[in-house]
Amino acid sequence: FGKTLGMDFKIIEPGLVHYFITIKQEHLATPLAAHGGVISALMDGLLGVTALSVSANEHHIVSTIEFKINFLSAAFEGDTLQGIGRVENQGKRLIVTSGDIICPERNNIVIAKAMGTFNTYPAEKAGYAV
């Protein structure tokens with residue numbers, strides 16, 4: 001899904017992930033500003049891959065239980081956004097992550113902040129071969 005929207009990511013280390021998107025015409029809600037759904041999709045991917053970055057070594061995947069997002073500034077066509085995700089807490093079944101989406105080209109202005117909670121479970125339960 002992220003690839004369809006033009007997103008990409010890099011796992012810096014387990015529990016620390018960077019996610020990227022460049023806002024294009026098709027991402028806009030108005031003639032100038034990105035749609036909140038695009039920012040939300042970027043954040044959901046960021047938070048989920050951050051949780052997955054610590055659960056995958058146990059052959060577990062994650063599913064979103066909840067996430068809360070605050071939009072702080074608009075993103076505009078041509079902006080390259082960077083999401084920075086961190087694991088805040090990892091339990092046996094739940095992982096809590098946080099994320100910030102910033103625009104480095106505009107002095108690292110914060111576009112959105114969020115927290116998410118993820119259930120971790122064996123990959124084979126979702127049909128993956130281990």
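Q: How many aromatic pairs does the count come to here?
A: The count comes to one aromatic pair. Keep in mind that this is a predicted model.

Q: Nice, which rings are they, and how are they arranged?
A: They belong to Phe9 and Tyr19. Their ring centres are 5.4 Å apart and the planes meet at 15 degrees, so the pair is stacked, as the angle is under the 30 degrees cut-off.

Q: Where in the chain do the two partners sit?
A: Phe9 is in strand E1 and Tyr19 is in strand E2, which covers residues 16–22. The two are ten residues apart, and the pair links distant parts of the chain.

Q: And Tyr19, is that buried or exposed?
A: Tyr19 has 7% relative accessibility, so it counts as buried, the limit being under 20%.

Q: What about Phe9, how does that one count?
A: Phe9 counts as partly exposed, because its relative accessibility is 40%, which falls between the 20% and 50% cut-offs.

Q: Which elements give two or more residues to the lining?
A: Helix H1 (2–5), strand E1 (8–13) and helix H2 (36–55) do. H2 provides the largest share, with three residues.

Q: OK, zooming out. How many helices and strands does the chain have?
A: There are two helices and six strands in the protein chain.

Q: In what order do the elements run?
A: Starting at the N terminus, the order is α-β-β-α-β-β-β-β.

Q: How does the radius of gyration look for a chain like that?
A: It is 15 Å, close to the 14 Å that the globule rule gives for 130 residues, so the protein chain is as compact as a globular protein of that length.

Q: And what does the C-alpha trace span?
A: Along the principal axes of the protein chain, the trace spans about 45 × 25 × 25 Å.

Q: What share of the residues is buried?
A: Buried residues account for 43% of the 130 in the protein chain.

Q: Last one: what share of the contacts joins residues at least 24 apart?
A: Taking contacts between residues at least 6 apart in sequence, 64% join residues at least 24 apart.

Definitions and conventions
Residues are numbered from 1 along each chain as its sequence is written. This is a predicted model: local features need pLDDT of at least 70, side-chain atom pairs count only at pLDDT 80 or more; totals for chains, interfaces and linings use all residues. Side-chain values use heavy atoms; hydrogens and water are left out. Helices (H or I, at least four residues) and strands (E, at least two) are DSSP runs, numbered from the N terminus. Rings of Phe, Tyr and Trp (its six-membered ring) pair if their centres lie within 6.5 Å; planes under 30 degrees apart count as stacked, over 60 as edge-to-face and the rest as tilted. Buried means under 20% relative accessible area, exposed over 50%, partly exposed in between (1.4 Å probe, protein chains only). The radius of gyration is taken over C-alpha atoms; the globule rule is 2.2 Å times the number of residues to the power 0.38. Contact means heavy atoms within 4.5 Å.
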